[in-house]
Amino acid sequence: MKILVTGVAGQLGHDCINELISRGHIGIGSDIAPKYSGIADGSAVTKASYVSMDITDKARVEDVLTQIKPDVVIHCAAWTAVDAAEDDDKKEQVYAINATGTKNIAAVCKQLDCKMIYISTDYVFDGQGEMPWEPDCKAYSPLNVYGETKLAGELAVCETLDKYFIVRIAWVFGVNGKNFIKTMINVGKTHDTVKVVNDQIGTPTYTFDLARLLIDMCESDKYGCYHATNEGGYISWYDFTCEIYAQAGISANVLPVSTAEYGLSKAARPFNSRLDKSKLTANGFTPLPTWQNAVARYLKELEKQEL
């Protein structure tokens, strides 16, 4: 299969290209930069074909996709700076990327009759309560601009296409980019005490594991909305930090605090990021490994980078 991956300079796009090429598929990466600007780790992504594409440019999107004629587009490109999205001078750009850009891609996928995988988020829900969100739940009520624009992207996909997968994820970490684990390791090495919120509940997602699932989806026709995070149970950011430090051998003292006590955040954050993943196994997909196992493997990858 020929698979185009947008946002290849990010955490998930990087791992998707590596995974699909390892399975013998043809991978083409795209991002807005003239050349690939992600981590130069010598993996398949740095050797794969690359095309510069601004997804907000409708004509450019149509030109690139019609020339490549992919069997699948895995759409990882997005504005993900949640707090910055709240700035008045950024909102138009956030909508252009997450909503209009996604619509541009979906429209050409329709013309080409190719599959599309759209990466979404638990932020499309209101983040309240304690029950896990089900993938086919329509009780949307985003808390912030980021969530609103990602929901708009979802609607553009499902209203345009029949051959689509919408995959909602949460608490993402991977080797290619910034993430919570990298941040907390750096903080833990320079501070004796670290305060972390304990009233926001969810499950982490390792992009290496998620990429495997996404390529499984590419190879299937079991379309629809799915939730995909690692297994291992629902936890708080405090729990996550404690496990990271335990595995990384960091001795900093971790103090649990409420979201209100922590403050700082410009955009409202969901308290309930629990995602029901049972639809994956019901449709024959293999669940992701536990998040604890994912952290262990991820820390080893970070060690390799430092060598």
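1. Trp171, Phe173, Phe180, Tyr206, Phe208, Trp237, Phe240, Trp291 and Tyr298 form one aromatic cluster, where rings of Phe, Tyr and Trp (its six-membered ring) pair if their centres lie within 6.5 Å, and planes under 30 degrees apart count as stacked, over 60 as edge-to-face and the rest as tilted. The model is predicted, with local features needing pLDDT of at least 70 and side-chain atom pairs pLDDT 80 or more, while totals for chains, interfaces and linings use all residues. Residues are numbered from 1 along each chain as its sequence is written, and side-chain values use heavy atoms, without hydrogens or water.

2. The structure holds 18 aromatic pairs. In one of them, the ring centres of phenylalanine 173 and tyrosine 206 are 5.0 Å apart with the planes at 5 degrees, so this pair is stacked. Phenylalanine 173 belongs to strand E7 and tyrosine 206 to strand E10 (residues 205–206), so the pair ties together parts 33 residues apart in sequence; strands (E) are DSSP runs of at least two residues and helices (H or I) of at least four, numbered from the N terminus.

3. Phenylalanine 240 in helix H7 and tryptophan 291 in helix H10 are 51 residues apart, and their pair is edge-to-face, at 5.8 Å centre to centre and 90 degrees between the planes. Phenylalanine 240 has 1% relative accessibility and therefore counts as buried (under 20% relative accessible area, with exposed over 50% and partly exposed in between; 1.4 Å probe, protein chains only).

4. In H7, Trp237, Phe240, Thr241, Ile244 and Tyr245 are buried. Just after H7, glycine 249 adopts a positive phi of about 70 degrees.
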